[in-house]
Amino acid sequence: MKKKKLKCPYCGRTVGFFEAINIKENLNFYCKDCKGSAKVKISKDINTFILILLISNTVSFLFFSFIARMFLLGSLITSLLYLCFYLLVPRTIVLKKE
Ligand SMILES: [Zn+2]
């Protein structure tokens, strides 16, 4: 997968991961450098991510709970899947000039 860095639409400054997570929660972007503000849009890629997450979570839950009977390992894998999902979130953010 090609790495798509999130950038300020005004000055081109690269937005860091934690800043991107923050943007996602606030749905507002204010650049620290140029003081520009931008609208936050979530790209449609997030639907694909959510779908993959739901399917893999269901499959691992069923497998580890009923077939392997390793519920703890199942929960661990589920948590890891959520973590991966969270790490992908900044890639789905699109910043638009106001
Ligand atoms: Zn900027």
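**Entry 1: the core**

I began with the largest nonpolar core and found five residues in it: A20, I23, F29, I93 and L95. I took a nonpolar core as a set of buried Ala, Val, Leu, Ile, Met, Phe, Trp, Tyr and Cys residues joined through C-beta atoms within 7 Å. A residue is buried if 20 or more other C-beta atoms lie within 10 Å of its own, exposed if 12 or fewer, and partly exposed in between, with C-beta atoms placed from the backbone. Both α1 and β3 supply at least two residues of this core. My helices (H or I, at least four residues) and strands (E, at least two) are DSSP runs, numbered from the N terminus.

A note on what I am reading: this is a predicted model, in which local features need pLDDT of at least 70 and side-chain atom pairs count only at pLDDT 80 or more, while totals for chains, interfaces and linings use all residues. Residues are numbered from 1 along each chain as its sequence is written.

I followed I93 next. Leaving aside neighbours within four places in sequence, I93 is in contact with L6, A20, I23, K24, V40 and I42; contact here asks that the C-beta atoms, placed from the backbone, lie within 7 Å.

**Entry 2: L6, from the other end of the chain**

L6 sits in the segment before α1. Is L6 buried, exposed or partly exposed? It counts as partly exposed, because L6 has 19 C-beta neighbours inside 10 Å. L6 and I93 are 87 residues apart along the chain, yet their C-alpha atoms are separated by 7.4 Å. Beyond four places in sequence, the contacts of L6 are V15, A20, P90, I93 and L95.

**Entry 3: the sheet**

I traced an open sheet of three strands in the order β1-β2-β3, with antiparallel pairing. I counted two strands as paired if DSSP finds at least two bridges between them. β1 (28–30) and β3 (93–97) are the edge strands, each pairing on one side only. From one strand to the next, the twist averages 35°. For angles, axes are lines fitted to C-alpha atoms, for helices over the stretch in contact, and values run from 0 to 180 degrees between N-to-C directions.

Then I went through the pairs:

- β1 and β2 run antiparallel and are joined by three bridges; Y30 stands opposite S37 in β2.
- β1 and β2 form a hairpin with six residues between them, and K35 in the turn has a positive phi of about 65°.
- β2 (residues 37–42) and β3 also run antiparallel, with five bridges joining them.
- Within that pair, K41 has V94 in β3 as its bridge partner, and K39 has K96.

Helix α1 (residues 17–26) lies across β1, β2 and β3, at about 70° to β3.

I also stopped at K97, which lies in β3. K97 is exposed because 10 other C-beta atoms lie within 10 Å. Not counting residues up to four places away in sequence, K97 touches P9, Y10 and A38. Between K97 and F29 I noted 68 residues in sequence and 9.9 Å in space, C-alpha to C-alpha.

**Entry 4: the helix pair**

How do α2 and α3 run relative to each other? The axes of α2 (residues 45–67) and α3 (residues 71–88) come within 8 Å and cross at roughly 170°. The two helices are therefore roughly antiparallel. In these notes, angles under 35 degrees are roughly parallel, over 145 roughly antiparallel, 65 to 115 roughly perpendicular and the rest oblique.

From α2, I listed F49, L53, S56, N57, S60, F61, F64 and S65, which meet F71, L73, G74, I77, T78, L81, F85 and L88 in α3. By class, the α2–α3 contact has ten nonpolar, six polar and no charged residues. Ala, Val, Leu, Ile, Met, Phe, Trp, Tyr, Cys and Pro count as nonpolar, Asp, Glu, Lys and Arg as charged, and the others, Gly among them, as polar.

**Entry 5: two loop residues with positive phi**

R69 is in the loop between α2 and α3. Its phi is near 50°, a positive value in a residue other than glycine. R69 is exposed, with 10 other C-beta atoms within 10 Å.

L27 is in the loop between α1 and β1. Phi of L27 is near 55°, again positive in a residue other than glycine. L27 counts as exposed, with 11 C-beta neighbours inside 10 Å.

Methods:
Two residues are in contact if their C-beta atoms, placed from the backbone, lie within 7 Å.
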